Amino acid sequence: MIHSPYLRKPVSVRQVMFTVLVALLPGIAAYVWQIGAGILVNLAIATVVALAAEAFVLRLRRRPVGLALGDLSAVVTAWLVALCFPLIVPWWVTALGVLTAIVAVKHLYGGLGQNPFNPAMAAYCAMIVAYPALMSQWPSAGQLDFSTQLALILGGSRDVDAITGATALDALRTGLRGGGTDVATLLGQEAFGALGGRGFEWVALGYLIGGLYLLARGVITWHMPVAFTAALAGIAALFWAVHPEQFASPLFHLASGGAMLAAFFIVTDPVSGATTPRGKLIFAAGAGILAWLIRNFGAYPEGVAFAVLLMNLCVPLIDMKTQPKVFGHRGDRS
Amino acid sequence: MLSALLIMASIAVALGAVLGYAAIRFKVEGDPLVEKIDAILPQTQCGQCGYPGCKPYAQAIANGEADINQCPPGGEEGIRKLADLLGREFKPLSEEHGVEKPKSVAFIDEQRCIGCTLCIQACPVDAIVGAAKQMHTVVAPLCTGCELCIAPCPVDCITMEALPETVETWKWKYPVVDIRRAA
Amino acid sequence: MTMRLSGFHGGIEPDAHKHESSGAPIVPAPLPARLVVPLRQSARAVAECLVAPGQQVLKGERIGAPEGVLGTAVHAPTSGTVIEVAEYPMPHPSGLSTLSVVIEPDGEERWTALHPFDWRARPRNEALAHLRDCGIVGLGGATFPSHVKLGTGTGIEVLILNGAECEPWITCDDRLMRERAADILAGAQILRELIGAGRLVVGIEDNKPEAIEAMHAAAAGLDGGVAVVPVPARYPAGGEKQLIRTLTGIEIPYGRLGGEFGVQCFNVATAHAVYRAMAFGEPMVSRVVTLTGNVDRPGNVEALIGTPIEDLLALAGPRRADTDRVLMGGPMMGFALPSLTVPVLKATNCLIAASPRLFPPAPPEQACIRCGACARACPAELQPFELYWFARSKNFGKAQEYHLFDCIECGCCAYVCPAHIPLVDYYRFAKSEIWARERDKSAADQARERFEFRNWRQEREKEEKAAKLAAKAAETRARLAAEGGEAVAADAPPAAEDPKKALIAAALARAKAQQAAAAPKNTEGLSAGTQAEIDEIERRRRALGLAETADGTAAPDTPARDA
């Protein structure tokens, strides 16, 4: 450092990313406890592939490999990919997803800090478009033992419909489309637990705890989680109040799918999200509303990923239009 | 068939009327392109481009008669700006028109000046003061460094002096980013 | 007295490191062997030198006259002999030199005659001139001339005295308030009267209880209207705009003076200097400097302006082996001195011996992840990472649109940046680049205007000449016609040509006659030296073949090589 300031707070990107990883642990623990330890295999596969891909691309781009690997950003991306993919997806789908996230979404746009799209969500979207069947098989709590999970992940037989049912969101969508039934009957099935998919409400709780830890550590601000959950719950509540037999409850929407992961770990991605306080509110609320719309009226059961990508597209505009007033310029016209 | 033709024709007429009205209502005075080009040129008025001043050169560029790389005082940055403005490809400074030099100002050696007024007549910005048979001097803040006064001087008493950097004109450097250093 | 504080956005709380140097009283620094007084002592102005080498000066004698609107006078810090007036390196990040007066002290410290100034009895503009002539500038670091800041003296409601001293390590204002509280407040009262403010508010960071106590005690003896207000210790609480906002809620945008908003702010040390200037007529020849950091005996010294910094640092103990550079100012906004031979300026509030242990080198710069930590820390409420992108890509227009110039370069953003980006360096680069471009642009605009005027003038001269010629030709034609109608009628075609030729011939003849008759003027009673000079010039001119030749042909007046 040649010029002032000569003082620096002892913080680093690595620390920020490490805090995010720590915050993911409660969710992962709940996942292992409720759904299956197979997620650990997926996490391991994703981490290895992510680090290898990152190192390889950095090599190609002639950037310092050690420093960039050490910042742990690739590991965060890898974990998020593994957590938003179904547990029993074959290992190569996870690997392909991570490669998409790291190589195509992150580095092709200039590497850390430059990607306009959320890598994990882009990877999810790419994979669900490419392998819609594989990406839609979610086992619920206690359904599969670890050896079955392992066999499926490592490429065993894929007679999947016999093994797993559809997710709650999936069942809801196809059920309601077919007509002749209502939400209560659909979600009354034993496989779906009290709120979302059985067992997944605990995972959601784990994410919530981790998210609160991130808030406490100042890694994220309150804007995004609050706006996202409020928008999602708000629009769900509105329709649920009018047509409870046609639309699921707000609590169901919050607890199912990737809502909680998204609220604290996905929309809060600083690189691809809005940065101004007002912009964060708009960005996250938009993602929440779009997620609900896609869940109810879209072609895919889970809308969070597409919603986030759509809002990523709007970030430059949102940021430009929501620049906060500068000291001494509060009276200026914006 | 006929009605389609009529509709298309009337749309064409209506749009034409709108365009015609807009052309009159929002008429742009003068030739803004020449002004824009002139604003980029350094106003040295040195004539190295082959035109008698910056404005004529700007006019020539606008008319497509001159290329954008004929201005040595504007340098590479000037060419880049012109290329940007005109949507053309950047090209290096044309060698026949000169080379980019650090900004300097003319200085008259007062011991040798004979007061011939030739440099006063040559100066494009009236930056030299003096009278016949009186010593001349350059008003440095007004001098553009065009060097046009050097050739006419019969006693070669005019030299170009580079402007020294002062605390006022000193600039903070672009922070050097050497990411590879960390590897 | 309790007061509602408005606070400001962002800010940081680094280790204060005040106790190292705040314990010991201010001691006068001994007279150095040589003083180098730069004539550039106030912001953006250089004083005009009034002394010549060899001249004897007294302490407090004026050596530099104020130049320009922002100029202030510069004075000899001690009595002695001017041994040189030359360019010397000054304490500045550039390490560039500036015109300085070098004085060899005679050791007697003889004062020049000082004239106290009765600001109550004399007109206000004289008081401001007195401050200018005493070289009073803001001692907080910006060295803005105080008489300019006092402005018109109307519409100011609150006068703020800045004793916040928020930068880590610096304690010179703290010590001054503890030891000379009464003088500071006396100076503040003078400022308050000159500026016509109703209220006087002294803002002091709450990590200086002794200073607050001392100022409280001194204020108790005054007739009211003075409030000593502790403000929360959070950098940059002592930034002028931040302190004004904290104490009054008023926000002063970039490029505006507090006076427009009914509030003005002076540093406590400036108030002290104003008191000395008014009560004793003493010009600013010394200031309190904190010596701290990697030294054996940190403390505060009263140093003469122009004292070499290495002499001053020696007072705090011998240089330690691990001291790798010396900072002037605080660690947040100061700069590393390019050399230690440079002198103390009016702006020198603190000298910090830095070592890698106290100020570890920054880890390598990483990519910005737009985490927004900088925006949360920015006291100007900017979006520093956006400014960084714009400055980095040299998109200066956009940077200005995002209020680059409202950045006060406090360094909070770079302090909190997890990617260790030297953000402030990017802003400094962008700002100085923009200033340079504006200078170039105004020079270009001026050149364009002058060029166009010259073309217009040449055009006009041509027209005037043509008109004159035509008029003369017509006149000649008329005369010739009057003289002999038939002849003209016979030679009709050449007649049109003839008068012109005749005119030219006549003019040439006139010029010749004039040249022959022209005698050098004012040549009587010349000194031998001047005569010799003239002869020399004549000789040179003859050598060049420019003077009139013996046969009387005119010298080549016409531009022979006119391009």
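B:Cys54 touches B:Asp38, B:Leu41, B:Gln43, B:Gln45 and C:Arg448, leaving out residues up to four places away in sequence; two residues are in contact if their C-beta atoms, placed from the backbone, lie within 7 Å. This is a predicted model, in which local features need pLDDT of at least 70 and side-chain atom pairs count only at pLDDT 80 or more, while totals for chains, interfaces and linings use all residues. Residues are numbered from 1 along each chain as its sequence is written, and chains are lettered from A and ligands numbered from 1 in the order in which they are written.

B:Cys54 belongs to helix H3 (residues 54-62) of chain B; helices are DSSP runs of H or I with at least four residues, numbered from the N terminus. With 29 other C-beta atoms within 10 Å, B:Cys54 is buried (20 or more such atoms count as buried, 12 or fewer as exposed, and values in between as partly exposed).

## The recorded binding site

An unreviewed UniProt entry lists B:Cys46, B:Cys49, B:Cys54 and B:Cys71 under "binding site"; such annotations may be inferred rather than shown by experiment. These residues span 26 residues in sequence, yet no two of their C-alpha atoms are more than 9.1 Å apart, so they gather at one spot.

## B:Cys71

B:Cys71 lies in the loop between H3 and H4 of chain B. B:Cys71 is buried, having 29 other C-beta atoms within 10 Å. Apart from neighbours within four places in sequence, B:Cys71 is in contact with B:Leu41, B:Cys49, B:Tyr57 and B:Gly78.

Definitions and conventions
Helices (H or I, at least four residues) and strands (E, at least two) are DSSP runs, numbered from the N terminus.
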